Every structure is written in C-alpha cells, then in structure tokens.
Amino acid sequence: MTSIVDQRKNKFNRYKDLRNNPTELLEPVIKPVKEYDAADRINDICDSGTFERFEFEFPETNPLEFEGYVEKKQELRGETGWHDAIIAGSCKIGGYKAVVVVMDKRFMMASMGIELGETVCRSCEYAMNHHLPLIIFTASGGARMQEGILSLMQMAKTSAVIEKFKEAGGLYIAVLTHPTTGGVSASFATLGDITLAEPNALVGFAGPRVIEQTIGQKLPQGFQRAEFLEEHGFVDAVVKREDLKDTLAKILMLHH
Amino acid sequence: MKAIDRVLKARDKDRPKITDYIDNVFTDFFEQKGDLLGKDDASIYGGIALFHGQPVTVLGHRKGNDVSENVICNFGMPGPEGYRKALRLMKQAEKFNRPIITFVDTPGAYPGLEAEMYGISQAISGNLAAMSTLKVPVITIVTGEGSSGGALGIAVANKVYMLENAVYSVLSPEGFASILWHDSAKRDEAAEAMKLTAADLLEFGVIDGIISERGIELSVVNETDEVKNYSRLYSRVDKQIATALKELSKLGAEELAKDRFNKFRSFDEAYLKVDASARMENV
C-alpha cells in the first residue's frame, strides 16, 4: 500500500514528466515511481565494477546567451549528478570490453548541445583509438534549442565522427530508448551497424504532435514505436530491457 | 534590420529560386530525377551542369514558383526520397570527379506520416555521414530559409555561404517559440534570440562568407529591370562559387574529405576550451 505522501509524490512526478515530454499525453503510460535513469542503465548493462567513467572537462557554454539557460543546467546538475545529459565510459559486458555512452532524459530531455555532441565524438574517438566497440543508448527530445545553430551542427559533427569510426572498421551499436527524436534521431542514433530498440520506445524525426498538426489527422496506434520501426525495416531487433545485456554480449562475442 | 525581417525576406516567394540560379549561373543543365528506390521527390531538384565550362553536380531544395508548383514540390520540404536522391547525385558526382554545389532553401524536412514510415531520420543521418567523406569539393549556398536537419541534410560542405538575407537555424522561429515558450506567436522574439542571420552565423564560425544582396531590390520598375537587378546577385554567386572552387582545387581527393571532416569536427572548439574564460580575464 503506498502512503499518501508517496501518492502525492507520484502525482507530482507524473506532471513533471508530462511537462518535459508532452508527446506522452497522446498515449499515457503508467510510470514507475522512480524513472529508469542512466545510472540504472550502467548498473544493468556493465559487468559489476567494470565501468570507468571518462573524465571529460567542459566549460560552461551558452552561445546564444540565452536567459536562464546556465541556471537551468546548474540546477539539473545538482539533481542528476551529471554535467550534461550524457555519461560515457569504458566497461565490460559479459566479459567483452566496450565503450558505453548513455543519454539521460532527466537532463533537459537529453537534448543535444555542444557538450553532448562532443561527448559522443570523444567517446567514439576513444573507441577508435583503443579498437573497442561503441554502444550508445540514445534518448533525446532532439536539438538543444538554447544553443541554436551550434546545436544543429552537432548532427553533422557526430555523424562525421561515427562514420569515420565505422570506416576504420569499428563496430557501432545503437540502442534506441524512449524517446529518441529530432536531431539525435536524424544523426548518430540511426547510423548503427546494428540497431536495437527497447519495446514501445518512440523513435522518429518529427514529434507525433507536429505530424498530427501537419497532416490534420490522428496517427495510427503504435506509430513511430519500436515495433513499427522493426516492421518497416529500420531496427535489427526490439529487445526487452531485461534481455539487453545478454543480447549485447552476444553481439560483442560475434564481433570478437 | 530586425532578425524577423530577415526571416520574412528569406521566405519571400519572389526571391530567386534554385531554378533561377541554375538558369543564370550554370549552362547545359541536365536534370536527374528519382532516388532509384521507388520515388522522385520534386522538392529536391538537381542534375549535371557546366560552371564556366567545368562539369559540376548542382542540386538543392525546390519550393516552386506558383501554387501548383508549390504543391508538387511540397513547399520545399523533402521526404526521405529527396535526401536519397540528393545522395545518389552526390555519390555519382564523386565517381566522375565533379564538384558539388548545393542550394539550401527549405522550411525543413517534411514532418509527415509517410516521411517517418520510410525513414526520414535514416535518410538525413545517412546524408550527413556520407557527405562527410565525399572526395570532391562541396560548396553550399543558403539562399533563403535554412531550417533544421532538412537544410543540413544537403549542407555538409567544405565551404558554406549565405546570402545576406538568408537565415540558417535549428528550427523555424515559430517552432522555437512553441517549444521553449509554448507560444508560437512569439516568433519575433524567437528570431532575435536564435541568432540566425548570416552575420550571426559568420561570427559563430558556422559559415565561411556572406554574399551581399545590396542593390538588387532597388528600382524594380518592370520586368527588364528586375532581371537586371537580380543579375547582379547571380554574378556575385557566380564569383563566390568560382573563388571557392579555385581554392578547393588545390586539395587532393583525400584532403578534400579531411578538410570537410575537420571543419565539422572542430567548428565549435572555441566553446570547448576549458581555460577560455580564465584567459579572457587575464587579457
């Protein structure tokens, strides 16, 4: 039995989720009390005690001098413990070494700004220099609006670096998690040698709301969900969260 | 001039279109249609042409000149087929060692049901990745609206230029205002805050130069005058392409790809220097 305080907290968190991710209004789902975050992901995927976080140092960036942006980031740093919406490091998965990058949507919907794009690139370059496979768990609302054109250009930057890594023979596995949209969906998220997706994850370029406004009709059930992508040939497999580690270990083994 | 005025100018339906640039800057244009995968997307227009006698591949967004053309061209909003067609033309240019010139003028990629179903994300990311490795010179000119991934999808170039009144941004000001302030009516403020004018982008280091539009809008008295006035713009565009091609012709195939890679890898390095602020204080 949940206490009244917990019930209130749940309700509060639910509203907060919806504010951050209005697309969910279209298809409400029951959320667990604590959202599955990047730390949970690393715990679940990496062999215990093997994750070594990359210590990239970044200055404060606010290229548009956008009001309130720095304050917002500082507040979120306190809440999440991350410097931006992404953490990266090397680890072992089922005994196989790999570089793992996880995006955390609690931080401004894991929108892509300079720091996030650069973290993807540096992690990829680390993987290239150390001949390791690269695994990115994507989740993003898209471009970081507050960084304007520099945010858009991260799409080209990350895509170029990933392409270079792949041309050099590197294995890149993209794991699409809910939601992966906009500029992230149209750059490194869809460039995997192998692409996995979590069940029911929303993956698409334009948000469902925008599409509905454009075409003036309701979208079909399941549109832009992982299973829809699988059906249309854009993902190798839809894999349940509890099976992801084994699946990744198997793919790493097959490329070892 | 306010940022929003530039946005409106960039969207002006009477601005020269890709068809005008092809007619006036190039000769012997041969249009190539289709993505060879099942569709021709008219919102991307392109083919082979001569630029001062040199074969080049030229392509870009097409909005159309009147309402019926607008509809055919989907107002310059390509679907995945458009980006795949562009990529096909560019890969072919690489094969035949032709420089590539792209013209950007789009409100964005089409946010539609079929576009998603057939992989608009994959088509754009595929172009970004493939363009970064092309072994021929790539030159992009943003002539009108350069909006979002839909613009960038054909704009990973060694040299990127903007017309003076063109804009280039992560999203339309309306979209920006709607996302950040939940009010698309605040587009004027958004346009200002986004820093999307040619001068802003030059300062950010995202583009390499601005093509002046001075003197082209004055005294549009009759049709002859209009042609005359725009001809000044075409000759400036011509000159810019010629200069860029001359500069890039010094680079070999691998160097061209490397040059482009380095440009996009490090355009934002000034924002990533940890000691930048400390050094500023010392100055």
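## Where the two chains meet

In this predicted model, 52 residues of chain A are in contact with 47 residues of chain B. The size of an interface is often given as the accessible area lost when the parts come together. For chain A and chain B that area is about 4,300 Å², with 74% of it on carbon and sulfur atoms.

Three salt bridges are found across the interface of chain A and chain B. Lys157(A) forms a salt bridge with Asp268(B), and the closest N and O atoms of this pair are 2.8 Å apart. Between chain A and chain B there are also 12 residue pairs in polar contact, counting pairs with both residues at pLDDT 80 or more.

Which elements give two or more residues to the side of chain A that touches chain B? They are α4 (114-129), α5 (148-167), α7 (208-215) and α8 (226-231) of chain A. Of these, α5(A) gives the most, with 16 residues. Sorted by type, the residues on the side of chain A that touches chain B divide into 30 nonpolar, 13 polar and nine charged.

## Rings that pair up

Over all chains, the count comes to 13 aromatic pairs. In one of them, Phe66(A) and Phe176(B) sit edge-to-face, at 6.1 Å centre to centre and with 75° between the planes. This pair crosses between chains: Phe66(A) is in the loop between β1 (52-53) and α3 (69-80) of chain A, while Phe176(B) is in helix α8 (residues 173-181) of chain B. Are these two residues buried or exposed? Both Phe66(A) and Phe176(B) are buried.

A second pair lies within chain B. The ring centres of Tyr230(B) and Tyr234(B) are 6.5 Å apart and their planes are at 40°, so this pair is tilted. Both residues belong to helix α11 (residues 223-248) of chain B, and because they are four residues apart there, about one helical turn separates Tyr230(B) from Tyr234(B). Tyr230(B) has a relative accessibility of 16%, so it counts as buried; Tyr234(B), at 9%, counts as buried as well. These two tyrosines also take part in one aromatic cluster, formed by Tyr21(B), Phe26(B), Phe51(B), Phe103(B), Tyr230(B) and Tyr234(B).

## A buried valine in chain B

Val160(B) lies in strand β6 (residues 159-163) of chain B, and its relative accessibility is 3%, so it counts as buried. What is Val160(B) in contact with, leaving aside its neighbours within four places in sequence? The answer is Thr140(B), Val142(B), Ala155(B), Tyr168(B), Val206(B), Ile207(B), Asp208(B), Gly209(B) and Lys263(B). Take Val142(B) as one of these: Val160(B) and Val142(B) are 18 residues apart in sequence, and 7.6 Å apart in space from C-alpha to C-alpha.

Most residues other than glycine have a negative phi, and most peptide bonds are trans. A few places in this model depart from that pattern. One is the cis peptide bond that joins His178(A) and Pro179(A), where omega is about -20°. Pro179(A) is found in strand β5 (residues 172-181) of chain A, and His178(A) is found in strand β5 of chain A too. His178(A) is buried because its relative accessible area is 18%, which is under 20%. A polar atom of the His178(A) side chain lies 3.1 Å from the backbone nitrogen of Leu202(A). Compare Leu150(A): it is 28 residues from His178(A) in sequence and 25 Å from it in space, C-alpha to C-alpha.

His131(A), with a phi of about 50°, lies in the loop between α4 and β4 (134-140) of chain A. His131(A) has a relative accessible area of 73%, so it is exposed. Asn74(B), with a phi near 50°, lies in the loop between α3 (67-72) and α4 (80-95) of chain B. Asn74(B) is partly exposed, as its relative accessible area is 23%.

Technical notes:
Residues are numbered from 1 along each chain as its sequence is written. Chains are lettered from A and ligands numbered from 1 in the order in which they are written. This is a predicted model: local features need pLDDT of at least 70, side-chain atom pairs count only at pLDDT 80 or more; totals for chains, interfaces and linings use all residues. Side-chain values use heavy atoms; hydrogens and water are left out. Buried means under 20% relative accessible area, exposed over 50%, partly exposed in between (1.4 Å probe, protein chains only). Contact means heavy atoms within 4.5 Å. Buried area is the accessible area (1.4 Å probe) that two parts lose on being put together, summed over both. A salt bridge is a side-chain nitrogen of Lys or Arg within 4 Å of a carboxyl oxygen of Asp or Glu. A polar contact is a pair of N or O atoms within 3.5 Å; within protein, one must be able to donate a hydrogen and the other to accept it, and residues adjacent in sequence count only if both atoms are side-chain atoms. Ala, Val, Leu, Ile, Met, Phe, Trp, Tyr, Cys and Pro count as nonpolar, Asp, Glu, Lys and Arg as charged, and the others, Gly among them, as polar. Rings of Phe, Tyr and Trp (its six-membered ring) pair if their centres lie within 6.5 Å; planes under 30 degrees apart count as stacked, over 60 as edge-to-face and the rest as tilted.
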